[in-house]
Amino acid sequence: MSGRFSEATMTAAMRDIAATLDVPADDAQLLRLTNNAVFALPRAGIVIRIARTHQLRDRVTKVVQLGRWFAEIDAPTIRLARDVEQPIEVGELVASVWQFVPPHPPALTVEDLGTVLRKFHALGVPPFPLPIWDPVGDARRRLADADGLSKPDRDFLADWCYRLEPEVAALIERGTRTLIHGDAYAGNLLRESSGRTVMCDFDATCVGPWQVDLAAVAVGEARFGGTGGHRSLATAYGFDVTADPSWIVLREARELKMIAAAVPLLATSPSVVAEFANRLRSVGQNDSAARWRPFADLAVPARNRR
């Protein structure tokens, strides 16, 4: 990202927020530098999440609303920091502040994910507006901002969006709408000192078919390799999403997201360009057995890998 959203800029903003809150920041740890800059301040017992693009400002307001509601209903989620007026603005940037949950063994697994997702989906829909699941719209917004995308690749993705859009709309229309996390994987889980598993990172949280949250692990295993993860998730949750009548649409929607998300990374390295081409080729040839490599392993520092 540009200098306006660089690591140095985010670090300075984090320190300004810490000063405003009158908490120490000398032990600050950068946990993630993707769409958000996420800093843990263990001594202060907080985590600061700063949106790195102006387009994400509305998401910060949304996650703060969700955080307040989660606390009211005792949802299996992390909590906003106490006694902090949110969102917090620092210059042109906006942030949310959360309670810090130190790591606690044992390591979190897809079984934990299945158990907490079942509880999350049972929360119902909050009493304030949330966006409807819109994988095609999200992909189109990525394409609109793409500078390094060739015309053939842009046309392929645009055609894919056009073809998939009515299928997604039909799935939403006939499905049961509930709260969905939107980025459900074990990396977005934390274990509290009590042993309770909670979810974090609600940027993609929306309303839609609950099966969406089960598709990520299944598609990830199919594309990136590995065995047993999807089966373990299905057992813990009590449902095998690959047996759902809408599985093909769910799989395509997830793959579209996994490909479109790389568009801003095309200028970062030849390896990303090659992997992007590999993914497009496998979809174009309907090769569901083709293996993919995580973009995070090709374009960003190890601390940001997912």
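Colleague: Where is the place of Pro 106?
Modeller: Pro 106 sits in the loop between strand E5 (93-99) and helix H3 (110-121). Helices (H or I, at least four residues) and strands (E, at least two) are DSSP runs, numbered from the N terminus.

Colleague: What kind of model is this, by the way?
Modeller: It is a predicted model, where local features need pLDDT of at least 70, side-chain atom pairs count only at pLDDT 80 or more, and totals for chains, interfaces and linings use all residues. Residues are numbered from 1 along each chain as its sequence is written, and side-chain values use heavy atoms, with hydrogens and water left out.

Colleague: Back to Pro 106. Is its bond from Pro 105 cis or trans?
Modeller: The peptide bond from Pro 105 to Pro 106 is cis, with omega near 0°. Gln 86 and Pro 87 are also joined by a cis peptide bond, with omega about -5°. Pro 87 lies in the loop between helix H2 (57-73) and strand E4 (88-90).

Colleague: And Asp 83, what is its phi?
Modeller: Near 60°, a positive value in a residue other than glycine. Asp 83 lies in the loop between H2 and E4.

Colleague: Is Asp 83 buried or exposed?
Modeller: Exposed, with a relative accessible area of 83%. Buried means under 20% relative accessible area, exposed over 50%, partly exposed in between (1.4 Å probe, protein chains only).

Colleague: Which residues have the most contacts inside the largest nonpolar core?
Modeller: Trp 133, Leu 157, Phe 202 and Phe 276, in a core of 70 residues. A nonpolar core is a set of buried Ala, Val, Leu, Ile, Met, Phe, Trp, Tyr and Cys residues joined through side-chain atoms within 4.5 Å. Helix H8 (residues 247-260) gives the largest share of this core, eight residues.

Colleague: What does Leu 157 touch?
Modeller: Leaving out residues up to four places away in sequence, Leu 157 touches Leu 143, Leu 149, Leu 256, Ile 259, Phe 276 and Leu 280. Contact means heavy atoms within 4.5 Å.

Colleague: What other core lies apart from the largest one?
Modeller: One of 20 residues, among them Ala 13, Leu 33, Leu 41 and Ala 95.
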